[in-house]
Amino acid sequence: MLKKLFFLIATITFVSALYACSNGDDGGSNEGEAASGDNVNATGFPIVEEELELTFFANKPAQNENNDWNDILIWNEYRDLTNVNVNWNLVSPDALEENRNLALGSGDLPDAFFLAQLTNTDLLRYGSQGSFLALNDLIDEYAPNLKELMENDPTIEKAITFPDGNMYSMPALIEEDFLSLRLSARPWINEDWLEELDMDIPETTGEFYEYLKAVKELDPAGNGNTIPYGGTAIVELVQWLSGSFGVMNHGPSNTNLDLDPNDDSKVRYYATTDEYRDMLEYINMLYEEGLIDQSIFTIEWGQFLANASDNLYGSMIFYDPIELFGEEVGSQYNSLAALEGPNGYQSYNKLSSSVWDPSNLVISSDNPNPEATVRWMDHFYGDEGAELYYMGVEGETFEVEDGEAVYSDHILNPEGDMTFEQAIAQDLTWLGSISGIIKEDYFQGGETAPQSLAAAEKIAPQVIDEVWPRFTFTEEENRILQSTGEDINKYVEEMRDKFITGDEDLDGWDNYVQTIEQMGMEELLEVYQAAYDRYQSN
Amino acid sequence: MAKDQSIQKGRGATIKKNFLRNWQLYLFMMPVFLYFFIFHYIPMYGVQIAFKDYYATLGIWGSQWVGFEHFERFFSSYYFWRLLKNTIILNLYMLVLFPLPIILALAFNELRNGAFKKWTQTLTYAPHFISVVVVVGMLVAFLDPNTGLINHLLRLLGMDTIPFLTSPDWFRHIFVWSGQWQTLGWSTIIYLAALAGVNPELHEAAKVDGATRVQRILRINIPSIMPTIVILFILNIGNFMQIGFEKVLLMQNTLNSETSDVIQTFVYQTGILEGQYSFAAAVGLFESAINIVLLITVNQIARKVSENSLW
């Protein structure tokens, strides 16, 4: 009896639910097709005559915790200028990937994604399905600033053009000469301790090892607490040293991929090369002798900062020390350049491409006015826009002194306990992100602090000539990258860490190489080669 | 024939009568029923994306069928066996510890000193209320190779430090035992309730007959709560393969992933982080399939052996 009742109720509910669902699907698809081109001015401000409301899905970096982009100086100012009113739908970086994928998966799209770090795979997948608009013509017509940059630096166009010929995004760029920013975390060494040890700044991997060993013995922090090398992740050290061992010779954007030194028409998967092996052997030696922080694989950012403030580190790879650890500890550090390796390699390979992120702004098919949106973004590729984004409004957040833009006093020397960053976050939103183009002339932060600029100057002559942006792939290639590619990269990363800690003996190297080959190395390499060939010919 | 029909008719009439008489009870049942139906049965139609190439723009119904492609990819993946092995071992490990709360509950039940009993019970319940994130934070703080308390002690005793957090050998122990620490006391509650229902006359009679305390526990308490134990065991099996995956994820790093990589973290990574919905759905479906087979098997066995079962 009960069963029958259940069945009855079940059927009724199910049918009505289906009905509700199918009803919901029908509406809404054919709306909003009114020609938007009318309500946009081709040049100058405002961008639109009638106020335009847009909803942006945006990543809100942690430093902006306490501000609201819907009511903040910079965006209010830009709204008044452009007549485009952006409703910011803000997501914290911890939940970014999840929220972004849920927004895409549910089909409930915002008008645009801003700083949402969409991967190339997603750009193509949703772009070719029509969820994201192809921007080629729009950029051509409505983005003069970006177009000019693309003409001067062809890499930009290559980085955002997919094999189907379309561009689905507007990129976040770093001015090519703004090296200090492209370096991000860079190596530092404690100069006070060097002096105490009567040593010079290490220039070879051997000297670096000697220094670390000497620091460990000297133990300036006392009680054996000194950490000769520390960092927030082991990958920083690996990338820095790759220049001393001759791998990753075109930058870190494409995982484990660089150019074959013997044949410059071929790419190479360097994680199986002898050079890479030599590097792991060196790092393994440092780790086993206790010269690398034994907790580097699990350390949290906060713990690292605490250790650094206690002055425990002999060397590290990090951002500006004075800015982050204060004058007393920070000023003890001097910068390191690339070390010369045992086989004579000495270049600095750990720096980002000038295309920082291909997906600064992505326009969805629901956007009522793509032309105005492209113009809205394009402003930030010009000097005025860069100034607005990174410096704010003259007279309110910055002053011009001797032709140079400098933050106002209330930001540089904020009242009470407020820090410089907190003061910035009250009026501006650039902290933790790069948007449009970032230029040395219109930027004031850790990367333009004297210590960091000096480091960049020292490193500059050793920097590799060409840094690849992330390549773009076809859908078929993405399929291979997501299965074979993911598996191999995961295996390589795990084994790298095991080789470094000694959990896995380097005698097992042949086995490791063999495993990677069995996992489908050849197939993966073909994909990369095809992507590289396209990159070269574009 | 005629007899059959009259029975049918008679049944129909009884159902109707029964319903009319007890309609309030059915009404009470309705919200729960609807909840399960709307939130647990209707969404099941989405399972089909495991057999499709899901695109948000095309929708669940509109995406293309690809058959078992995603399953094949998962089964032939380099990590398939590792994921399966880790998931099963970790669950078996937890399952082996299933008797612990029973033992603790039996012990609590023997305590006569009221104040002491309350104190110990509260002490064992307390960790249950700590969030997983905090527990993992505590683990990191205690087990860190440089600053951790445990390694400090080891160093004081002149022993080598142990990289607890990055060692694949330690991961399972830390995961399972920290879990026990957190849930042990809480899991005793249901057994204590069952023990409270044991007929005191049985104990009195046994005492008169000269039974010792251990004998009384073995012969009276355990048989009395056996039905509860069996049901809880079956329910536990129902959750087999579904480990508290947030905790695994929080404790995971490249060095211990050899033992910490489980199906659920894999689904999270490929499904939510990489956005391969169809593939992740296929993997999740595979996991659920294992689950249901286990549940039915154990239920069947329990019914045969102990006459207690879920259905």
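# Reading a predicted model, question by question

User: Where in chain A is the place of A:Ile434?

Analyst: In this predicted model, A:Ile434 sits in the loop of chain A that runs between α19 (420-427) and β14 (437-438).

User: Which residues does A:Ile434 touch, not counting residues up to four places away in sequence?

Analyst: With those sequence neighbours left aside, A:Ile434 touches A:Ala172, A:Ile174, A:Trp356 and A:Asp357. Two of these names return in a strand pair, for A:Ala172 has A:Asp357 as its bridge partner in β11(A).

User: How do you know that β4 and β11 of chain A pair?

Analyst: Two strands pair if there are at least two bridges between them. Strand β4 (residues 170-174) and strand β11 (residues 355-363) of chain A are joined by three bridges and run antiparallel, and because the condition asks for at least two, they count as paired. Both belong to an open sheet of six strands with mixed pairing, whose order in chain A is β2-β1-β3-β11-β4-β14.

User: What makes β2 and β14 of chain A stand at the edges of that sheet?

Analyst: Each of them, β2 (84-91) and β14 of chain A, has a single partner strand, so one side of each is left without a neighbour in the sheet.

User: What is the order of the open sheet of four strands in chain A, and which strands stand at its edges?

Analyst: The order is β6-β9-β5-β10 in chain A, again with mixed pairing. The edges are held by β6 (227-230) and β10 (333-335) of chain A, because each has a single partner strand and therefore one side without a neighbour in the sheet. Neighbouring strands here are turned against each other by 20° on average, with direction ignored. Helix α10 (residues 205-218) of chain A packs on this sheet, where it touches β6 and β9 of chain A, and its direction makes about 135° with that of β6(A). Within the sheet, four bridges join β5 (residues 186-190) of chain A to β9(A), and these strands run antiparallel; A:Trp188 has A:Met316 as its bridge partner in β9(A).

User: Is A:Leu115 buried or exposed, and how do you know?

Analyst: A:Leu115 has 24 C-beta neighbours inside 10 Å, and because the cut-off for buried is 20 or more, A:Leu115 counts as buried. This residue lies in the loop between β3 (112-114) and α4 (120-128) of chain A, and its phi is near 55°, a positive value in a residue other than glycine.

User: Why does A:Asn311 count as partly exposed?

Analyst: A residue is exposed with 12 or fewer such neighbours, buried with 20 or more, and partly exposed in between. A:Asn311 has 19 C-beta neighbours inside 10 Å, so it counts as partly exposed. A:Asn311 lies in the loop between α13 (301-309) and β9 (313-318) of chain A, and its phi, near 60°, is also a positive value in a residue other than glycine.

User: What makes helix α16 of chain A largely enclosed by the rest of the structure?

Analyst: Nine of the nine residues of α16 (residues 370-378) of chain A are buried, so this helix is largely enclosed by the rest of the structure. Among them are A:Glu371, A:Arg375, A:Trp376 and A:Asp378.

User: Which residues are buried in helix α15 of chain B, and what do they pack against?

Analyst: In α15 (residues 263-273) of chain B, the buried residues are B:Ile263, B:Gln264, B:Thr265, B:Phe266, B:Val267, B:Thr270 and B:Gly271. They pack against α5 (80-96), α13 (245-251) and α16 (277-306) of chain B.

User: How many residues does the contact take from each chain?

Analyst: The contact takes 29 residues from chain B and 32 residues from chain A. On the side of chain B that touches chain A, the elements giving two or more residues are α1 (2-21), α2 (23-41) and α15 of chain B. By class, that side has 16 nonpolar, ten polar and three charged residues.

User: What is the mean pLDDT of chain A, and where is the pLDDT below 50?

Analyst: The mean pLDDT of chain A is 88, and 93% of its residues reach 70 or more. Over residues 1-35 of chain A, however, the pLDDT is below 50, and this stretch has nine contacts in the model beyond near neighbours in sequence.

Definitions and conventions. Residues numbered from 1 in each chain as written. Chains lettered and ligands numbered in written order. Predicted model: local features only at pLDDT ≥ 70, side-chain atom pairs only at ≥ 80, totals over all residues. Contact = placed C-beta atoms within 7 Å. Nonpolar A, V, L, I, M, F, W, Y, C, P; charged D, E, K, R; others polar. Axes fitted to C-alpha atoms, helices over the stretch in contact; angles between N-to-C directions. pLDDT = per-residue confidence, 0-100.
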